[in-house]
Amino acid sequence: MMELCCLIDCGLVCLGLGALCFLTSYLTRKTKEIRGKHVLVTGGSSGIGLSVAQQAAAKGANVTLVARNVKRLEEAQMAVEKTIHKVGGANKVQYYSVDLGGDVNAIGEMVKEAEKSFGPIYMLVNCAGLSIPLKFEDISPAQVKTQMDVNFFGSFFVSQEVVKSMKQQNEGIIVFISSLGGLLGLYGFTAYSASKAAVIKMAEALHMEVKPYNISVTVSFPPDTDTPGFVEENKIKPVETKLISEAAGLFSADDVAKKLLADALSGEFMSTSGIDGFMLTTMCAGMSPITSITSFFSQVFLMGPFRVISAFYLWQFNSIVKKEYQKRVSSKKSE
Ligand SMILES: NC(=O)c1ccc[n+]([C@@H]2O[C@H](COP(=O)([O-])OP(=O)(O)OC[C@H]3O[C@@H](n4cnc5c(N)ncnc54)[C@H](OP(=O)(O)O)[C@@H]3O)[C@@H](O)[C@H]2O)c1
Ligand SMILES: *[C@@H]1O[C@H](CO)[C@@H](O)[C@H](O)[C@H]1NC(C)=O
Ligand SMILES: *[C@@H]1O[C@H](CO)[C@@H](O)[C@H](O)[C@H]1NC(C)=O
């Protein structure tokens with residue numbers, strides 16, 4: 001009886017402390033400013049990257065866009081200029097065409113050139129990436145490598161160049177785009193999930209390295225997001241992958257970008273959208289950096305319960321896979 005009372009007391013104290021921390025962190029939350037600063041967005045010509053570029057420009061940042069296709073870069077530059085014009089800003093947009101999955105020297109050159117015209121990069125958002133969803137035995141070596149080259153190595157090498165000048169400035173923000181598919185391995189995503197999981201551990205390690213230099217690191221975990229890239233990957237996506245990933249809903253690039261910017265500017269390590277995103281990032285927090293009292297407390301109290309809910313999700317995902325398997329078997333029999 002005595003012990004039970006003790007337990008309840010402890011629980012109440014914890015809850016009280018949690019509520020207090022929540023309130024103070026909410027009231028004292030500081031967010032960084034990007035007005036007049038240099039923001040470089042890779043993959044800035046399309047989808048989430050373009051939305052990030054637009055919103056950063058609307059906040060007064062000088063924006064550099066990086067991607068390969070020059071025509072799409074030109075169009076994106078015009079779109080961002082339009083946004084700046086609308087809010088009456090004096091900031092600028094430039095672009096560079098570079099294959100981030102290619103020559104590392106070209107990446108270094110690009111960063112130098114970009115900094116020459118807009119000054120040292122204050123914020124880097126690594127949005128360039130792609131997903132080629134195919135079954136394990138159907139994916140070609142080139143398709144496996146491209147995803148690793150762009151999603152992982154591209155983000156690694158661009159950030160490596162940028163961190164050098166950030167350390168000299170003693171300030172900076174680096175954002176990586178992982179995916180909910182980087183937190184759990186999904187059917188059809190053997191190569192993609194691996195490339196996006198690699199991004200998370202790189203970010204965790206980098207966070208620890210650059211913290212003394214006043215540089216923050218954020219990882220964004222978008223659910224399915226309505227972008228040109230998403231339309232493209234849906235053309236080849238296995239039906240199982242489609243049915244499973246649909247469970248988390250479809251979000252707009254603008255919403256994902258808005259959340260990403262808000263979280264990055266307030267120094268939050270993980271950024272996501274939607275309830276499934278919240279559940280997965282909370283449950284998979286593991287040894288990730290603790291960057292806010294609110295997210296720390298939700299992790300402490302919700303990891304266990306969310307793991308229970310995950311059993312239901314996994315059961316559902318596995319029954320989708322089983323059903324499609326049985327369909328294939330029976331259609332083969334009837335041939
Ligand atoms: N959409 C989703 O559902 C979703 C969900 C989770 C995570 N994500 C991630 O979010 C990021 C953005 O996705 P999105 O859907 O917005 O994609 P998107 O519309 O296809 O845009 C991708 C951007 O990256 C650029 N890019 C691709 N390969 C490149 C390369 N080798 N070198 C330089 N730039 C390259 C593209 O331009 P060029 O082709 O001209 O180079 C384009 O600007 C990706 O990392 C993606 O994996 C997306
Ligand atoms: C960056 O943007 C500001 C306006 O926000 C502008 O005054 C400044 O000249 C720009 N810097 C460069 C190098 O273009
Ligand atoms: C850290 O960076 C922020 C901007 O991101 C700046 O306002 C602040 O002065 C920097 N702190 C130190 C100690 O340099």
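This report describes the overall build of a predicted protein model and then looks at one residue, Pro223.

## Overall build

The protein contains eleven helices and nine strands. Its radius of gyration is 22 Å, close to the 20 Å that the globule rule gives for 335 residues, so the protein is as compact as a globular protein of that length. The C-alpha trace spans about 70 × 65 × 35 Å along the principal axes.

## Inside and contacts

Of the 335 residues, 47% are buried. Now take the contacts between residues at least 6 apart in sequence. In 73% of these, the partners are at least 24 apart.

## Surface and charge

The protein exposes about 17,500 Å². Carbon and sulfur atoms supply 62% of that area.

There are 33 positive side chains and 31 negative ones. The centres of the two sets lie 1 Å apart.

## A look at Pro223

Where is Pro223 found? Pro223 sits in the loop between strand 6 (215-221) and strand 7 (224-226).

Is Pro223 buried or exposed? Its relative accessibility is 8%. Buried means under 20%, so Pro223 counts as buried.

Which residues does Pro223 touch, leaving aside its neighbours within four places in sequence? Pro223 is in contact with Leu180, Ala248, Phe251 and Ser273. For Ala203, there is a distance to report: Pro223 and Ala203 are 20 residues apart in sequence. In space, their C-alpha atoms are 19 Å apart.

Key: Residues are numbered from 1 along each chain as its sequence is written. Chains are lettered from A and ligands numbered from 1 in the order in which they are written. This is a predicted model: local features need pLDDT of at least 70, side-chain atom pairs count only at pLDDT 80 or more; totals for chains, interfaces and linings use all residues. Side-chain values use heavy atoms; hydrogens and water are left out. Helices (H or I, at least four residues) and strands (E, at least two) are DSSP runs, numbered from the N terminus. The radius of gyration is taken over C-alpha atoms; the globule rule is 2.2 Å times the number of residues to the power 0.38. Buried means under 20% relative accessible area, exposed over 50%, partly exposed in between (1.4 Å probe, protein chains only). Contact means heavy atoms within 4.5 Å. Accessible areas come from the Shrake-Rupley method with a 1.4 Å probe; for residues, only the protein chains shown count as cover. Lys and Arg count as positive and Asp and Glu as negative; His and the chain ends are not counted. The place of a charge is taken as NZ of Lys, CZ of Arg, CG of Asp or CD of Glu.
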